[in-house]
Amino acid sequence: MSVTRKTLIAGNWKMNGSAAMAESLVGDVLTGMPDQDGLQLLVLPPFPYLAQVILQCQSHSLMVGAQDLSAEANGAFTGDVSASMLLDCGASHVLVGHSERRELHSEDDQQVAAKFKAALDAGLIPILCVGETLEQRDSGLAEAVIHRQLDAVLEMVSIQGFASAIIAYEPVWAIGTGKTARPDQAQEIHALIRSRLEAQDATIAGSIQILYGGSMKPQNAAELLACEDIDGGLIGGAALQAQDFLAIAAAA
Ligand code: PGA
C-alpha cells in the first residue's frame with residue numbers, strides 16, 4: 001500500500017495516577033515532544049483528570065482522549081459518561097472495546113459497536129480495540145475473532161463509519177504481560193484488518209490508522225512500527241513514564 005499515513009502514539013494510562021502525577025507526566029511529555037511532521041501524540045487519562053489535562057494541553061499539539069464512554073446519550077445511567085460530555089470537555093478521541101472492558105465489564109460486540117456509533121455521532125474519533133486471547137490464538141481462531149469484532153461495528157455504522165476512526169490491534173495475551181507479538185505476527189493481523197475493510201472501500205482501508213498495542217516499549221517499538229500496516233502504537237505501561245513514551249515516539 002503506497003498511502004502515507006500519520007503515525008499515532010497513544011498513551012492509555014488505564015486506572016493509574018493522581019492529579020499531581022497527571023500534571024507532571026503531561027508536563028514532561030509536552031517538554032520533550034518531538035515536533036515532527038507525520039507524528040501525532042495522544043494521551044488517554046482517567047475521567048477525573050481529563051479536564052485538567054485538556055487545559056494543560058491547550059495550544060499544544062498533544063491530543064487528549066478518554067478510555068471509554070457510554071452508548072447512551074443521557075439519562076439514568078449512574079456512573080456512566082456520554083460522548084457529548086467528553087466532547088464538551090474537549091476530548092477528541094475515545095477508546096472503544098478495550099479488552100479490559102470486554103473482559104471485566106462483559107462488553108459484547110454489539111455494545112462495543114453501539115459505543116463506536118455514539119462516539120462517531122457526537123464527533124469524537126473512536127479507537128476500536130480488537131484482539132484475540134491466547135486460547136483463541138492457540139486454537140487457530142485469531143482471524144475469526146478479529147473478523148467478528150470488526151464485522152459487528154461494520155454492520156452498525158457501515159464502512160463509512162471508519163472514515164474517521166482508528167483501529168488498535170491488541171492481542172490480549174500481550175497486554176501488560178511483557179510478551180509482545182512478533183512484528184510478523186502483528187503485521188499479519190494488521191494486514192488482515194486492512195483487507196477486511198478494503199473489500200468494502202479501498203480508500204478508507206488505505207488511509208485508516210491501525211495501531212499495535214500490547215507491551216510496546218522503547219526496545220521493541222522501532223521494529224513493530226517499521227511494519228507496513230502498523231501505523232502507531234497504543235501504549236499502556238510504558239505511557240506512564242514520559243521518558244519511555246517519548247522514546248517510543250522517537251522510534252516512530
Ligand atoms: P500495555 O497495555 O502496553 O501495558 O501492554 C496496552 C493497552 O492495554 O492498551
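Biologist: How many residues surround the ligand, and which are the closest?

Modeller: Keep in mind that this is a predicted model. There are 13 residues around the ligand, and the closest are K14, H98, E170, G176 and S215.

Biologist: OK, which atom of G176 is involved, side chain or backbone, and how far is it from the ligand oxygen?

Modeller: Backbone: a polar backbone atom of G176 sits 2.6 Å from an oxygen atom of the ligand. With E170 it's the side chain, where an N or O atom is 2.7 Å from a ligand oxygen. N12 also has a polar side-chain atom 3.4 Å from an oxygen atom of the ligand.

Biologist: And how much of the ligand does the protein bury?

Modeller: 95% of the 280 Å² that the ligand exposes when taken alone.

Biologist: Back to K14. Where does it sit?

Modeller: K14 is in the loop that runs between β1 (7–12) and α1 (19–32). For background, most residues other than glycine have a negative phi.

Biologist: What about S215: which loop is it in, and what's its phi?

Modeller: S215 is in the loop between β7 (209–213) and α10 (218–225). Its phi is positive too, about 55 degrees, although S215 is not a glycine.

Biologist: Is S215 buried or exposed?

Modeller: Buried, because its relative accessibility is 16% and the cut-off for buried is under 20%.

Biologist: Let's move on to α10. Is Q219 buried or exposed there?

Modeller: Q219, which is in helix α10, is exposed, because its relative accessible area is 66% and exposed means over 50%.

Biologist: How far is Q219 from Q185?

Modeller: They're 17 Å apart in space, C-alpha to C-alpha, and 34 residues apart in sequence. Q185 is one of the buried residues of α8; others among them are P183, I189, L192 and L197.

Biologist: Which residues of α5 are buried, and what do they pack against?

Modeller: The buried ones are D109, V112, A113, K115, F116, A118 and A119. The buried residues of α5 pack against α3, β4 (93–96), α4 (99–104), β5 (125–130) and α7 (142–157).

Biologist: What happens at the ends of α5?

Modeller: At the start, a side-chain oxygen of D108 comes within 3.1 Å of the backbone nitrogen of Q110. Just after the helix, G123 has a positive phi of about 100 degrees.

Biologist: Last one: S82. Where is it, and what does it touch?

Modeller: S82 is in the loop between β3 (63–66) and α3 (83–88). Leaving out residues up to four places away in sequence, S82 touches E72 and A73. S82 counts as buried because its relative accessibility is 5%.

Technical notes. Residues numbered from 1 in each chain as written. Predicted model: local features only at pLDDT ≥ 70, side-chain atom pairs only at ≥ 80, totals over all residues. Heavy atoms only, no water. Helix = DSSP H or I, 4+ residues; strand = E, 2+ residues; numbered from the N terminus. Buried < 20%, exposed > 50% of the residue type's maximum accessible area, 1.4 Å probe, protein only. Contact = heavy atoms within 4.5 Å. Near = heavy atom within 4 Å. Polar contact = N/O pair within 3.5 Å; in protein donor to acceptor, adjacent residues only side chain to side chain. Areas by Shrake-Rupley, 256 points an atom, 1.4 Å probe, with all protein chains shown as cover.
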